[in-house]
Amino acid sequence: MTAIATRMGGIRWTDPRTIGYLGIGLGLLAFWLALPPVALRHAELPIAVGVVAMAIGAWVWWRGERRVGSFAAIAGLLGIALGFFATQSSIAHLDEVVVWSALGGATLRYATPLTFAAIGGLYCERAGVINVALEGMLLTGAFFGIWGAIWAHSWAGSSAWLVGVACAALAGMALATIHAVWAIHLKVDQIISGTAINFLALGITGYLFIDKYGDTGTPGNVPDYGIPDVHIHFLQNWYFIGPIFGQLNLMIWLSFVLLVGTYIFVFRTPFGLRLRAVGEHPRAADTVGISVYKVRYIAVISSGAIAAMGGAYLSLGFVHSFNENMTAGTGFIGLAALVFGKWRPFPTYCAALLFGFSSALADRLPTAYGNQWGTLFQALPYLLTLIAVAGVIGRSIGPAAAGRPYVKQ
């Protein structure tokens, strides 16, 4: 009976990791208590809850779960700070900014390009090739996606977005093929290769944008043939759920399918096993007859197509226009989400949601508190990116052969 009580539902409730997740939840609760609809006006309770979260984090760290313990301690600290500042704000300003349904919908919109970039990177890095060129692939997809849709509009009508997404995917594959040749066959340092691809994409898209559209920019009627929204009419009147899921862009729904499909493919199929084997121990994979070069080429080129589709969503489904360097580091944040998620689809998506929420909140803050607060929260994803890359919060260990060129013997 004790064992059943201790491990009810397959969860070890006394395990330090589980308690660490409780600490993270308490840190979030400390902030939430000061926000609508609760909106406490006294800082004592958020501070107390945050202190408990930090204490839990310290205990979990001491018990050996350093990554979860760090997250719990930081969540408690942020809960205290943000909860305190929220209690100092007026209710009117909080009600103006914190509309949970609007924030939820905006979070999904901002997280979608990050998701496509991160999942593209997952395929590439699981095969053993580091892909810092995700930024360039996103940017290339954004340009060629809208270019293809504008070109096809005269004969494809409202379905021109299909041509745009196809053009974006092909452009991303072309860029990824260059990266694959450099990294796999020419044995160029993969970080340098990816960086060069990013500069190449910035130059090509900037030149073509000025050459095609000049000072006038992309046409103003792109929404007429952009990627459509999916209207779920029976959901639209539901409280809280309706405003979030009742009218989402098609690419957001496809990102959900991509997550599930990636998990099944990578972790539940023989092909996924080969992919992971090539990324972990290419020599052993080669020994049993798996073509390391073939798998890596397919993975890198596929990553380019997936990431570029995220760029097409940016220009055709979200912004409905293109500007030079419009991705503004989105690909790097997607790569950071992949590191945060330990190269697994669903934890990676949770990290993308965190980044997306900070961007969504940054959009709403200036209306009530001024541009300085919006700018501060816009910088949060880049700060989290630095934390992920530096490995400050625990150490995320990627595929063992990532970044190491393979020489067939």
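Guide: Helices (H or I, at least four residues) and strands (E, at least two) are DSSP runs, numbered from the N terminus. The model is predicted.

Visitor: Is Phe-234 buried or exposed?

Guide: A residue counts as exposed over 50% relative accessible area. Phe-234 has a relative accessible area of 58%, so the word for it is exposed.

Visitor: How far does helix H11 reach from its first C-alpha to its last?

Guide: H11 covers residues 250-268, which is 19 residues. At 1.5 Å a residue, the expected span is 27 Å. The helix in the model comes close to that, at 26 Å.

Visitor: Within what arc do the buried residues of H11 fall, seen down its axis?

Guide: The buried residues of H11 include Met-251, Ser-255, Leu-258, Leu-259 and Thr-262. Residues three or four places apart in an α-helix point the same way, because there are 3.6 residues a turn. The buried residues of H11 line one face of the helix, so their arc can be given as one value: 110°.

Visitor: Which residues are exposed on the other side of H11?

Guide: The buried residues of H11 have cover that includes helix H6 (100-126), strand S2 (247-249) and helix H14 (292-318). On the other side of H11, the exposed residues are Val-257 and Arg-268.

Visitor: Which residues does Met-309 touch, leaving out those up to four places away in sequence?

Guide: Met-309 is in helix H14, and at 24% relative accessibility this residue counts as partly exposed. Met-309 and Val-165 are 144 residues apart in sequence, yet their C-alpha atoms are 6.2 Å apart in space. The residues Met-309 touches are Phe-116, Val-165, Ala-169 and Met-251.

Visitor: Which residue does Glu-65 meet in a salt bridge?

Guide: Glu-65 is in the loop between helix H3 (44-62) and helix H4 (66-87). Its partner is in helix H2 (residues 16-32), 48 residues apart from Glu-65. The N to O distance is 3.1 Å, and the partner is Arg-17.

Visitor: Are Glu-65 and Arg-17 buried, exposed or partly exposed?

Guide: Buried means under 20% relative accessible area and exposed means over 50%, with partly exposed in between. Glu-65 is at 22%, and Arg-17 is at 33%. Each of these values lies in between, so both residues count as partly exposed.

Visitor: What is the omega of the peptide bond that joins Pro-36 and Pro-37?

Guide: Most peptide bonds are trans. The bond that joins Pro-36 and Pro-37 is cis, and Pro-37 is found in the loop between H2 and H3. The omega of this bond is about 5°.

Visitor: What is the phi of Ala-39?

Guide: Most residues other than glycine have a negative phi. Ala-39, in the loop between H2 and H3, is buried, with a relative accessible area of 14%. Ala-39 is not a glycine, but its phi is positive, at about 55°.

Visitor: What is the phi of His-320?

Guide: His-320 lies in the loop between H14 and helix H15 (330-340). At 23% relative accessibility, His-320 counts as partly exposed. His-320 is not a glycine either, and its positive phi is about 60°.

Technical notes. Residues numbered from 1 in each chain as written. Predicted model: local features only at pLDDT ≥ 70, side-chain atom pairs only at ≥ 80, totals over all residues. Heavy atoms only, no water. Salt bridge = Lys/Arg side-chain N within 4 Å of Asp/Glu carboxyl O. Buried < 20%, exposed > 50% of the residue type's maximum accessible area, 1.4 Å probe, protein only. Expected span 1.5 Å × (residues − 1). Arc of directions from axis to C-beta. Contact = heavy atoms within 4.5 Å.
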